[in-house]
Structures are given as C-alpha cells and as structure tokens.
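Please look over the points below with the structure open beside them. They are written for someone who has not seen it before.

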Amino acid sequence: MRAERLTRSTHRPGGSTVAALVLLGLVALACGPASATAISAQGLEPGPDGWRGVPLERERTMPVATLADPDGDAVQLHTAFTGTPTLLFFGYTSCPDICPIHLAAIASAMGTAGVSFEELDVVFVSVDPERDTPERIEEYLANFDRRMVGLHGDLEVVEDALAQLDLGGPVVEGPDPRGEGDLIGHPAQVIGFDADGQALRVWPFGARRSDWIADLPRIVEQWS
Amino acid sequence: MVALLRKALGIVVGTGALARRGPRLAVAVGLGLLALVASACGTSGSPALEVSAAQAAVPLAGSSQLVLSITNAGDGDDALVGVETDAALAIELHETRIAEDRATMVSLDEVPLPAGQTVRFRPGGLHLMMIAPSDEVALGTTFEVTLRFDRSDPVTTTAEVRELLDLAEDSFDDPDA
C-alpha cells in the first residue's frame, strides 16, 4: 500500500516536489504521533465565580430510582437525598483509578474544608451489581469514609437513573479481560445536586483535593 | 534525522527521472524508499530504553497501580510486553479511556515504545495494574518490578508505595510530562 502510493506519486509529471512532500509526510506518519501518553484530565480551572466544578447547561434533577442500602433497605434516590446538597457518583469497586481518586479526594477535602456529612451527602451508586455485593461496597467506601452512602440496584434501574441524567450508554461493555465479571463503562464525573435535587455542577476526572476544598464550602453555603 | 530527510529528498528528486526510464528501475527505487521509510521509523534501528523509578499506590479493593515512565532514546522501536513482581499475583497492562465524560478500562497485550518517545504509565491513562498485591505493598515500603520488552533486555526497577491520590495529583500537575 505504502509502496504503491510512493510509486504513483513519482510518476506524476513534474511531481518531484510533491513526491518529496509525500515522502516526508509518510515518514512523519509512519513514525506516529506522540499520543500514547495523552491524559484526559489536567485539573480544573477556576471559573469567573471561583467555582472549580463545571456548571451544567441543561436542567437535570435527581433521578427517580429505587435502590438499596447495604442493609438491603430500599432507598428512593429522589426523596432520600433532598434537604441537603448531594454529591453523586456512579462507579464500581473493581474500578482501578477514576473511582478511588474521586472518592479519596472528596474524603480528604471534607475534613480539611470542615464540611460534615450532615451538611452534605456523598453517594456512591454501584454500576456493577454482579460483583459489587453490599458488603463489598461497604468495605470499599470504608477506605475513604464510612459516612459515604453506598447504594446498589438492578442494572436496569441503574441504567435508567443514568439515562435520566443524560449519562446513558452501555454500562456493560463486554467481559472483563481480568477474568470474572463485566467490563464496565461509567461516567467519569461527580455530579453535584442542591438541596432541592437540582443537578447544578459536575467535577470531571482531574478534580484535585484543592478543587474540592475550594468548592465544598460553597456547596454548603449556596446549595443548602 | 535532518541528514536522513535530506537523503530522502535526494532520492525522491532522482526518482522522477528514473521512473520514466523503465518500470524495473522504478520498482527498485520504490523498494529502496520503502526500506528508507522503514528505517526512519525505527524497525531496523536499536531501541535504548531508560526506565524511571516506579511508584505504586497503596492497594485498594485487591488492586494497585504502578506509575513509571519509559523513554526510548534509541533509533529503534520496542514494546513493553510484560511486568513481573513477587509483590503481586500479576501485573496487567491497562488503559483507562475517557471519552464524552465516560470512562472505560481496556486491557492491552503490549504497549508500543516508539523510538524517541517517552511513554508514561499513570492514573487516568495507560497504567500498570497490580492484581492482588501482597502485604509488603504498604505505605512507605519498596519492592522490585521487572519489565520485559519485545526487543530489549529486561529491566528491574524499584517501586515506592505512596497514596493513590498523591500519585494522581502529581500526574494532574504534570500534564505534559
């Protein structure tokens, strides 16, 4: 293929310069761009109002969904988490880096910013019902803070909740190459809701402790 | 590289005339060009790998990840084909992909190490996932990992265990690194 292109371009009348350029291009192409190390998150820039979280353009509300807490008791997402602001994150305990980094950053910043779990609910919804037993979710969240709320439910319920937030897409993307279970796709951002259950801002992957330390007091002051 | 490009230009300029003289010559020149392109891309040169010191995250939910970088300062491509350690059941080559605010993780058989480039393994991108790390992988401890390559000899480096969040924030602070 490459030889064909080279040969053809050299046959063009007066094509020497063109051929030279094509060859240069080919050399450049064949050696490949340095994209292998690209990272999708480089921290958040403060907006004009000082917030680090990204404002949502369209109105979204806390999804209407019935999930279960670690004891197996039913939790209505849209009624249980109104009255105080809420940070909602969809993840799974076998998640290697996005999930634990978000949760560790929030947990660390809560203490530093002096924001309590009475003032702000932090809710983790598992998107991996096959592997994430209630015990496993509880044990996982204890790595960050036991006061975080871990919820689980049928995959259809979780997918419907994601769709209500315009975060639809296949959760299960095929078998997990690590062996048991499924390969999971999930939103990379944390979603922030005010006390009325209106989603107002998101924090994409790349949010640092310092971003949360800046935003957590604002959430409590302005969204309660 | 500049000398190589000049050479390439010279050959191509000559090719226009040669090609008109006959198909056999054109084919010969074509093959020469192909070889030149191939050599420019490092498939025939020699890789020269430099592996950084490694850092590992405090294990969580039965896994951990290693942060390190590999620079190929040579003129030949190579590939990372495996990582071994006594400190875990296995180490797998993974990549977290984030597109349109959705994250997924894919497993890779090997990671290309093109000549002249640095490849970094870190949170949120290419990463080396440790499956079932042993008890010795704890905050502040160190352990050894051995990287195996397609062409170069294996390299052993030392990994220091740190908090995952610290590893992540270092990589956020250093987007071009």
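1. Helix 4 of chain A packs against helix 3 (residues 164–173) of chain B at an angle of about 100 degrees, with 9 Å between their axes. Angles from 65 to 115 degrees count as roughly perpendicular, so helix 4 of chain A and helix 3 of chain B are roughly perpendicular to each other. On the chain A side the contact is made by A:Pro100, A:Ile101, A:Ala104, A:Ala105 and A:Ser108 of helix 4. Helix 3 of chain B contributes B:Leu164, B:Leu165, B:Ala168 and B:Phe172. Please keep in mind throughout that this is a predicted model.

2. Helix 4 (residues 98–113) of chain A also packs against helix 7 (residues 209–223) of chain A, at an angle of about 55 degrees and with the axes 8 Å apart. These two helices of chain A, helix 4 and helix 7, are therefore oblique to each other, and their crossing is right-handed. The residues of helix 4 of chain A that make this contact are A:Ala105, A:Ile106, A:Ser108, A:Ala109, A:Met110, A:Thr112 and A:Ala113. From helix 7 of chain A come A:Arg209, A:Trp212, A:Ile213, A:Leu216 and A:Pro217. A:Ala105 and A:Ser108 are listed in the contact with helix 7 of chain A and also in the contact with helix 3 of chain B.

3. Next, chain A as a whole. Chain A has seven helices and 10 strands. Of its 224 residues, 49% count as buried. Chain A has an accessible surface of about 9800 Å², and 49% of that surface belongs to carbon and sulfur atoms. Among contacts in chain A with a separation of 6 or more, 71% are between residues 24 or more positions apart.

4. Chain B can be described in the corresponding terms. Chain B contains three helices and 11 strands. Read from the N terminus, the order of elements in chain B is α-α-β-β-β-β-β-β-β-β-β-β-β-α. Chain B has 177 residues, of which 49% are buried. For contacts in chain B between residues at least 6 apart in sequence, 68% join residues at least 24 apart.

5. Is A:Ser126 buried or exposed? A:Ser126, in strand 5 (residues 121–126) of chain A, has a relative accessibility of 1% and therefore counts as buried, the cut-off being under 20%. The side chain of A:Ser126 makes a polar contact with the side chain of A:Asp132 at 2.8 Å. A polar atom of the A:Ser126 side chain also lies 3.0 Å from the backbone nitrogen of A:Asp128. Leaving out residues up to four places away in sequence, A:Ser126 touches A:Gly91, A:Asp132, A:Ile137, A:Leu151 and A:Val158.

6. Which residues does B:Thr85 contact, leaving aside its neighbours within four places in sequence? They are B:Ile91, B:Met130, B:Phe143, B:Glu144 and B:Val145. B:Thr85 sits in the loop between strand 4 (78–84) and strand 5 (88–99) of chain B, and because its relative accessibility is 15%, B:Thr85 counts as buried. A polar atom of the B:Thr85 side chain lies 2.8 Å from the backbone oxygen of B:Glu144. The backbone nitrogen of B:Ala87 is 3.1 Å from a polar atom of the B:Thr85 side chain. B:Thr85 and B:Ser107 are 22 residues apart along the chain, and 19 Å separates their C-alpha atoms.

Methods:
Residues numbered from 1 in each chain as written. Chains lettered and ligands numbered in written order. Predicted model: local features only at pLDDT ≥ 70, side-chain atom pairs only at ≥ 80, totals over all residues. Heavy atoms only, no water. Helix = DSSP H or I, 4+ residues; strand = E, 2+ residues; numbered from the N terminus. Buried < 20%, exposed > 50% of the residue type's maximum accessible area, 1.4 Å probe, protein only. Polar contact = N/O pair within 3.5 Å; in protein donor to acceptor, adjacent residues only side chain to side chain. Contact = heavy atoms within 4.5 Å. Axes fitted to C-alpha atoms, helices over the stretch in contact; angles between N-to-C directions. Parallel < 35°, antiparallel > 145°, perpendicular 65-115°, else oblique. Left-handed = near helix turned anticlockwise from the far one by under 90°. Areas by Shrake-Rupley, 256 points an atom, 1.4 Å probe, with all protein chains shown as cover.
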